[in-house]
Amino acid sequence: MARRFALALAAALSLGVAAAAEPGPAVAATPPQPAWSALDKEQQAILAPLADEWDRMENYRRKKWLGIAQRYRAMPPADQQRLQERMRTWAALTPEQRLAARQKYREIKKMDPEKRAAMKEKWRQYNALPEEEKRRLRAERPAQGKPSESTTTGADRR
Amino acid sequence: MNELHFGSRVRTLLDRRLTDIDTGQLERLRQARERALAVQKQPAHQPVLAGAGRFARLHLGSPRSRLLLAAGALLAATWLVAYWHADSLIEELSEVDTALLADDVPVEALLDAGFESWLGDSR
């Protein structure tokens with residue numbers, strides 16, 4: 001009996017360890033989130049760019065966007081406008097692209113203000129380059145959105 | 001003699017014999033009746049919880065039941081940990097995405113491989 005109990009305990013513990021080590025399934029196991037029609041008027045107004053695809057979204061993504069809508073209320077108007085303008089584009093990216101963007105953003109957040117300002121200026125200069133030159137530069141680097149597995153987490157892919 | 005008539009005759013004979021029972025016999029019969037009534041089981045109302053406790057003692061007392069109970073508790077705890085873990089991951093994503101989408105650095109700058117390359121060249 002003790003042996004059977006130990007086996008059952010080991011099985012249950014391994015399930016727990018697996019759940020902790022693999023955030024993907026754990027995130028996917030998010031409880032059901034409200035449909036578009038169940039959101040309040042303010043949430044619908046904030047998340048309006050996602051209205052068409054909301055009911056097709058996975059629960060964990062709905063929950064994440066509801067969290068974003070909650071933070072949106074406390075943001076300055078300029079930030080609110082930027083966020084809303086980018087919602088649809090962001091939602092249309094592949095999980096790998098979102099992962100790559102988050103990793104890059106974390107690097108930028110660590111920069112001191114001067115470096116950050118310089119980078120923004122360089123982005124402005126880069127945008128002024130001829131399309132031909134941009135294409136050449138893009139071809140020099142492997143495509144973004146395929147980061148090494150060792151630096152990724154399941155959650156980042158969401 | 002039909003059945004009714006026979007019954008009537010028996011009742012008459014028994015009633016007549018009642019007067020023949022002496023006082024001592026009557027007293028013993030009375031005491032025997034009282035003893036019988038005293039030990040008769042009285043119906044008692046058991047509280048629901050007491051019933052549940054009795055059920056648990058009877059059915060969960062075995063080692064197999066305790067094992068199942070422990071496994072169930074462990075699974076429930078595992079589910080709670082997984083839920084908490086997922087919740088904190090989603091919260092973290094929500095925080096990063098909010099900052100990223102509202103930042104004055106455009107999302108395109110984070111994804112453009114050409115820009116990355118150009119930054120490398122111009123360093």
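**Figure 1. A salt bridge joins D103(B) and R116(A) across the two chains.** The model is predicted. The two side chains meet at 2.7 Å, N to O. The side chains of D103(B) and R116(A) are also listed as a polar contact, at 2.7 Å. Where in chain B does D103(B) lie? D103(B) sits in the loop between α4 and α5 of chain B. Leaving out residues up to four places away in sequence, D103(B) touches R82(A), R86(A), Y105(A) and R116(A). Is D103(B) buried or exposed? Its relative accessible area is 9%, so D103(B) counts as buried. The cut-off for buried is under 20%.

**Figure 2. Ten is the count of salt bridges between chain B and chain A: the rule finds 10.** The bridge from D103(B) to R116(A) is a salt bridge between these chains. Polar contacts also link the two chains. By residue class, the side of chain B that touches chain A divides into 26 nonpolar, 7 polar and 12 charged residues.

**Figure 3. Helix α4 of chain B carries E91(B).** Which residue of chain A does the side chain of E91(B) join in a polar contact of 2.9 Å? The partner is the side chain of R71(A). E91(B) has 43% relative accessibility, so E91(B) counts as partly exposed. Partly exposed is the range between buried, under 20%, and exposed, over 50%.

**Figure 4. The contact between the chains takes 45 residues from chain B and 55 residues from chain A.** An interface is often sized by the accessible area lost when the parts come together. Between chain B and chain A, the buried area is about 4,900 Å². Carbon and sulfur atoms give 69% of this buried area.

**Figure 5. Chain B has 6 helices and 0 strands.** Along the sequence, the pattern of chain B reads α-α-α-α-α-α. What share of the 123 residues of chain B counts as buried? The share is 25%. Chain B exposes about 9,300 Å².

**Figure 6. Chain A contains 9 helices and 0 strands.** From the N terminus on, the elements of chain A run α-α-α-α-α-α-α-α-α. Of its 158 residues, 36% count as buried. The accessible surface of chain A comes to about 9,400 Å². Carbon and sulfur atoms hold 56% of this surface. Among contacts in chain A with a separation of 6 or more, 56% come from residues 24 or more positions apart.

**Figure 7. Q80(A) lies in helix α6 of chain A, residues 77-92.** Why does Q80(A) count as buried? Q80(A) has 18% relative accessibility, and buried means under 20%. Which residues are in contact with Q80(A), leaving aside neighbours within four places in sequence? They are Y72(A), R73(A) and M75(A).

Terms used: Residues are numbered from 1 along each chain as its sequence is written. Chains are lettered from A and ligands numbered from 1 in the order in which they are written. This is a predicted model: local features need pLDDT of at least 70, side-chain atom pairs count only at pLDDT 80 or more; totals for chains, interfaces and linings use all residues. Side-chain values use heavy atoms; hydrogens and water are left out. Contact means heavy atoms within 4.5 Å. Buried area is the accessible area (1.4 Å probe) that two parts lose on being put together, summed over both. A salt bridge is a side-chain nitrogen of Lys or Arg within 4 Å of a carboxyl oxygen of Asp or Glu. A polar contact is a pair of N or O atoms within 3.5 Å; within protein, one must be able to donate a hydrogen and the other to accept it, and residues adjacent in sequence count only if both atoms are side-chain atoms. Ala, Val, Leu, Ile, Met, Phe, Trp, Tyr, Cys and Pro count as nonpolar, Asp, Glu, Lys and Arg as charged, and the others, Gly among them, as polar. Helices (H or I, at least four residues) and strands (E, at least two) are DSSP runs, numbered from the N terminus. Buried means under 20% relative accessible area, exposed over 50%, partly exposed in between (1.4 Å probe, protein chains only). Accessible areas come from the Shrake-Rupley method with a 1.4 Å probe; for residues, only the protein chains shown count as cover.
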